[in-house]
Amino acid sequence: MNTVSFADLKLAPEILKALTEAGYSTPTPIQAQAIPVVLSGEDLMAGAQTGTGKTAAFALPMLQQLLPHASASTSPAKHPVRALILVPTRELAVQVEESVKMYAKYTSLRSLVVYGGVDIKTQTPHLKTGVEILVATPGRLLDHIEQKTVLLNQVQMLVLDEADRMLDMGFMPALKRILALLPRRRQSLMFSATFSDDIKKLSEDFLIYPSLIEVARSNATSDNIKQKVYLVPSEDKHALLAKLLKGDDAKQVIVFTKTKLTASRLTRQLQREGIEADAIHGDRSQSERQQTLEAFKQGKVSVLIATDVAARGLDIDHLPMVINYEIPHAAEDYVHRIGRTGRAGASGTALSLVSPEEEKYLVEIEKLIKTSIEKEQASVPRAQRGETRPQHEPREPRQAYHKPSLSKPAHDPWFDQPYVPKVTEPAPSTSKPDIAAVKPKAQIPALFRRNS
Ligand code: AMP
């Protein structure tokens with residue numbers, strides 16, 4: 001049980017005031033462990049993912065360390081970059097800087113975020129006024145370095161946030177170039193959700209005798225996230241999703257897809273059905289992504305369709321539900337995805353639509369989270385399948401099909417028939433999910449059966 005308070009961590013009154021205003025009462029486990037290490041000046045390698053409170057874990061002690069340099073002067077020379085936070089994506093950059101600004105609001109420390117996808121000229125004047133804390137994506141920071149619009153020779157603290165994702169995204173060469181420009185005498189902190197060999201190598205290269213902290217993958221297994229799998233043929237996924245999204249508990253949902261193409265297609269289909277959905281993925285411009293995210297945060301859009309890269313680091317509080325339209329092939333992405341819900345002790349639901357072809361990935365996920373997820377066979381009334389099937393997918397032949405009345409689909413006689421379970425061939429692969437955990441079908445002609 002963690003009983004440390006923020007005041008016990010010896011944070012300055014101006015920082016404590018901002019935390020009280022933000023409604024933070026107790027430090028999260030990563031904060032309780034990391035803050036004293038960072039305040040002691042040691043390097044840190046921390047295993048923590050989004051949702052654990054990792055941003056404050058590095059930002060709070062960073063502000064505390066920089067407080068002696070805070071200056072009310074308007075001279076840019078009084079505000080050199082002293083802390084550099086490198087992050088993999090634009091969205092994460094924006095959110096980290098928002099958090100830093102919030103925690104720093106009662107200090108005169110300045111922060112700024114720079115990321116690609118927007119005109120570099122709009123960022124330069126802000127950089128020139130001087131900032132102590134710079135949050136950046138690696139590519140755009142290199143652009144600024146090349147244009148000599150930023151100087152990093154006074155950086156005393158470096159944070160690599162979501163380092164594993166930075167490596168996945170191919171930022172290693174950029175990181176090396178940036179790190180070579182920083183003063184050797186500095187404090188370096190690395191945060192990563194996973195500890196792969198590449199991450200260990202990176203930490204050996206850039207950290208000096210780091211303290212190691214790892215917090216549990218609380219999001220993946222925490223009791224406050226209800227996880228459930230619907231076993232469903234891929235051609236029925238869309239109809240099942242539409243039904244789930246119309247449920248009372250689906251007021252604000254992120255739906256994950258594997259590809260940008262599926263995200264766009266699904267968004268258009270849902271919009272046609274009157275569901276307020278919008279997509280956030282790498283093909284959309286930065287301003288479009290920001291607008292969509294804002295609309296979602298304000299509740300103007302109830303369904304956000306996202307790919308893993310676009311969603312990484314999204315900070316949306318009190319999100320009640322996440323739906324995996326397609327489950328990720330990398331089991332760790334599942335952990336990241338469902339970490340969007342059930343934050344800071346709130347309860348959440350994570351539903352996954354898994355087709356027979358995807359079951360092998362489900363096995364990997366269950367291995368990683370050491371949990372057998374509750375499963376339910378879902379089948380979709382044929383009338384609804386027909387309504388929602390993407391146009392390019394062929395219809396499968398069906399037995400005893402009653403043509404739905406287009407004007408009154410609700411009165412389709414199909415609904416009055418008893419449910420006939422579909423017999424599915426067992427897959428030859430050994431990598432089947434825990435069949436014993438699959439709930440039997442109930443004999444009701446519903447879109448998907450409730451637990452019997
Ligand atoms: P992060 O893991 O940094 O993305 O933080 C996840 C969410 O938890 C963010 O919305 C933070 O504002 C929130 N948060 C972080 N630390 C605390 C805390 N000690 N108490 C309450 N909420 C927190």
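Student: How many helices and strands are in the protein chain?

Tutor: Please note at the outset that this is a predicted model. The protein chain has 17 helices and 15 strands. Of its 452 residues, 45% count as buried.

Student: Which residues of helix H11 are buried?

Tutor: Helix H11, residues 237-245, is mostly covered, with eight of its nine residues buried. These are Lys237, His238, Ala239, Leu240, Leu241, Ala242, Leu244 and Leu245.

Student: How should I approach a nonpolar core, and which residues touch the most other members of the largest one?

Tutor: The general idea is that in soluble globular proteins, nonpolar side chains tend to be buried together. In this model the largest nonpolar core has 65 residues, and Leu84 and Val135 touch the most other members. Helix H3, residues 54-66, gives the most to this core, namely seven residues. Leaving aside residues up to four places away in sequence, leucine 84 touches Leu134, Ala136, Leu152, Val155 and Leu158. There is also a second, separate core of 47 residues, whose members include Ile254, Leu293, Leu304 and Ala350.

Student: How is the packing of two helices described, and at what angle do the axes of H2 and H3 cross?

Tutor: Two packed helices are described by the angle between their axes and the distance between the axes. The axes of helix H2, residues 29-39, and H3 come within 9 Å and cross at roughly 30 degrees. H2 and H3 are therefore roughly parallel to each other, since angles under 35 degrees count as such. H2 passes H3 in a right-handed crossing. On the H2 side, the contact is made by Ile30, Gln31, Ala34, Ile35, Val38 and Leu39. The H3 side consists of Lys54, Ala56, Ala57, Phe58, Leu60, Pro61, Met62 and Gln64. By class, the residues of this contact of H2 with H3 are eleven nonpolar, two polar and one charged.

Student: How do H3 and helix H4 cross, and which residues make the contact?

Tutor: The axes of H3 and helix H4, residues 90-103, come within 10 Å and cross at roughly 45 degrees. H3 and H4 are therefore oblique to each other, and H3 passes H4 in a right-handed crossing. H3 contributes Thr55, Ala56, Ala59, Leu60 and Leu63 to the contact, while H4 contributes Val96, Ser99, Val100 and Tyr103. The contact of H3 with H4 has seven nonpolar residues, two polar ones and no charged ones.

Student: Are H15 and H16 roughly parallel or roughly perpendicular to each other?

Tutor: The axes of helix H15, residues 331-338, and helix H16, residues 359-369, come within 8 Å and cross at roughly 70 degrees. H15 and H16 are therefore roughly perpendicular to each other. Their crossing is right-handed. Ala331, Glu332, Tyr334 and Val335 of H15 meet Glu364, Ile365, Leu368 and Ile369 of H16. Six residues of this contact are nonpolar, none is polar and two are charged.

Student: What should I look for in the phi angles, and what is the phi of lysine 10?

Tutor: Most residues other than glycine have a negative phi. Lysine 10 has a phi near 65 degrees, a positive value in a residue other than glycine. Lysine 10 is found in the segment before helix H1 (13-22), and it is exposed, with 12 other C-beta atoms within 10 Å. Tyrosine 209 also has a positive phi, near 40 degrees. Its place is in the loop between H9 and strand E7 (211-214). Tyrosine 209 counts as exposed because it has 6 C-beta neighbours inside 10 Å.

Terms used: Residues numbered from 1 in each chain as written. Predicted model: local features only at pLDDT ≥ 70, side-chain atom pairs only at ≥ 80, totals over all residues. Helix = DSSP H or I, 4+ residues; strand = E, 2+ residues; numbered from the N terminus. Buried ≥ 20, exposed ≤ 12 C-beta atoms within 10 Å, placed from the backbone. Core = buried A, V, L, I, M, F, W, Y, C linked by C-beta atoms within 7 Å. Contact = placed C-beta atoms within 7 Å. Axes fitted to C-alpha atoms, helices over the stretch in contact; angles between N-to-C directions. Parallel < 35°, antiparallel > 145°, perpendicular 65-115°, else oblique. Left-handed = near helix turned anticlockwise from the far one by under 90°. Nonpolar A, V, L, I, M, F, W, Y, C, P; charged D, E, K, R; others polar.
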